[in-house]
Amino acid sequence: MKKTFLFFWVIALVLIVLFVAAPPMLDDEQNVVVAHQPYSVSEQAQALHSSLIIGDWHADSLLWMRDLTQQYDYGHLDFPRMQQGNIALQMFTTVTKSPSGQNYDRNSSDASDNITLLGLAQRWPLATWTSLAERALFQADKLHELAARDADNLMLITSRSELAEFLQRRQTNGVLIGGLLGTEGSHALDGDLDNIQRLFNRGFRMMSLQHFFDNKLGGSLHGTSGEGLTQFGRDAVAKMLELGIMLDVSHSSEKVVVDTLALSDKPLLVSHTGFQGHCQSARNISDGLMQQIAAAGGLIAVGYWDGAICGNSPATVAAAIVYGIGLVGEDHVALGSDFDGSVTTSFDGSELAVITQELLNANLSEEQIRKVMGGNMLKYLQTYLP
Ligand SMILES: [Zn+2]
């Protein structure tokens, strides 16, 4: 009897650690903000920052267990912090598989998957255990639920007309956030083209082709094959274009980028990246390819973490942006934070005005800052959303 009792308490303790303590601990450990003194932002920079429509192409905040309507003292983004940082448009990307031992050089497609364990610890529904599409849909449902529960602070945007409505509403509600849905890697299709329509129906408007490993569509920049688009990949891209899904080639092999450029009649996105010429990193594709993407009308969104920009200070983010403007022009550079994407940054969403400050310090014009901070993203969405 005594033994049974002890057994019960051990199991209970394990469950409490796994389901209650582990998710916030993991979140806190993965999505770090370096400790720092408050940043000083001039009146001029703050005034400019407050007048901007700010857009960010990439944040993985839906992966974690935080209630985004509440402000937390860990992780990078939630609605209150986004509003303090004046973020208007946010692409919420959904991570569905992440290889153990993840690195920028070489990951096997067979490596065991970290998201399975994370989903288990966060009590994701049973269907997500075996289906990557279900993982994407589950995270999308969180955004739908937030938009329904907190309509004064979040509006889901899936079309040009909803974007216009959002801009209209923001005139009287200056803290309204427009949320969009994207995938991180098209292994989320579970190898089934019909899932493109299924995800589209649930609001997905951007799909990235690969993540850290080669998938059925083609090679990853961090995979083992270095291959271009497969026939399945070509079919998937064609279907995405037909539906009006924006194509993100972050994490794709250079061959996949070349193939997709040739195949697509719409400009590509690199939703979170740095530039090789500014930061030589296996995370970044070549400057020449970035120029081709931009020449076709695409956008390159700059991240805030070391692996992409060789440093994570606000001044380094500004330096990467300035380099990008020099390389591809001010109409083709945007923001792609990778907030809550298991990266270490030196500021969270609430402190974004420091970037405006650093861009002013770097002698960019107000017009250039307006474009990079969100103007280019807004224009892209106004043109290419269905
Ligand atoms: Zn990523």
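Axes are lines fitted to C-alpha atoms, for helices over the stretch in contact, and angles run from 0 to 180 degrees between N-to-C directions. The model is predicted: local features need pLDDT of at least 70, side-chain atom pairs count only at pLDDT 80 or more, and totals for chains, interfaces and linings use all residues. Residues are numbered from 1 along each chain as its sequence is written.

**View 1. Helix H12 crosses helix H13 at roughly 60°.** The two axes come within 9 Å. H12 and H13 are therefore oblique to each other (angles under 35 degrees count as roughly parallel, over 145 as roughly antiparallel, 65 to 115 as roughly perpendicular and the rest as oblique). From H12, Pro314, Ala315, Val317, Ala318 and Ile321 meet Val354, Ile355, Glu358, Leu359 and Asn361 of H13. Contact here requires C-beta atoms, placed from the backbone, to lie within 7 Å.

**View 2. Helix H12 spans residues 314-328.** Helices (H or I, at least four residues) and strands (E, at least two) are DSSP runs, numbered from the N terminus. H12 has 15 residues and reaches 21 Å from first C-alpha to last, close to the 21 Å expected at 1.5 Å a residue. That expected span is 1.5 Å times one less than the number of residues. Gly329 follows H12 and has a positive phi, near 95°.

**View 3. Buried residues of H12 pack against helices and strands.** The buried residues are Pro314, Thr316, Val317, Ala318, Ala320, Ile321, Val322, Tyr323, Gly324 and Val328. A residue is buried if 20 or more other C-beta atoms lie within 10 Å of its own, exposed if 12 or fewer, and partly exposed in between, with C-beta atoms placed from the backbone. Their helix partners are H10 (287-295), H11 (306-309), H13 (353-361) and H14 (366-384). The strand partners are S9 (299-302) and S10 (333-335). Ala319, also in H12, counts as partly exposed, with 19 C-beta neighbours inside 10 Å. Ala319 and Ala362 are 43 residues apart in sequence, yet their C-alpha atoms are 7.7 Å apart.

**View 4. Helices H7 and H8 pack at an angle of about 30°.** H7 covers residues 194-201 and H8 covers residues 231-243. Their axes are 9 Å apart. H7 and H8 are therefore roughly parallel to each other. H7 passes H8 in a right-handed crossing. Ile196, Gln197 and Phe200 in H7 meet Ala236, Lys239, Met240 and Leu243 in H8.

**View 5. Thr224 sits in the loop between strand S6 (204-208) and H8.** Thr224 has 15 C-beta neighbours inside 10 Å and so counts as partly exposed. Thr224 touches Arg106, Ser108 and Asp214, leaving aside residues up to four places away in sequence. Thr224 and Tyr304 are 80 residues apart along the chain, with 26 Å between their C-alpha atoms.

**View 6. The whole protein chain has 14 helices and 11 strands.** The radius of gyration, taken over C-alpha atoms, is 20 Å, close to the 21 Å that the globule rule gives for 386 residues, so the chain is as compact as a globular protein of that length. The globule rule is 2.2 Å times the number of residues to the power 0.38. Along the principal axes, the C-alpha atoms fill a box of roughly 75 × 50 × 40 Å. Of the 386 residues, 49% count as buried. Among contacts with a separation of 6 or more, 73% join residues 24 or more positions apart.

Note on methods. Contact = placed C-beta atoms within 7 Å. Left-handed = near helix turned anticlockwise from the far one by under 90°.
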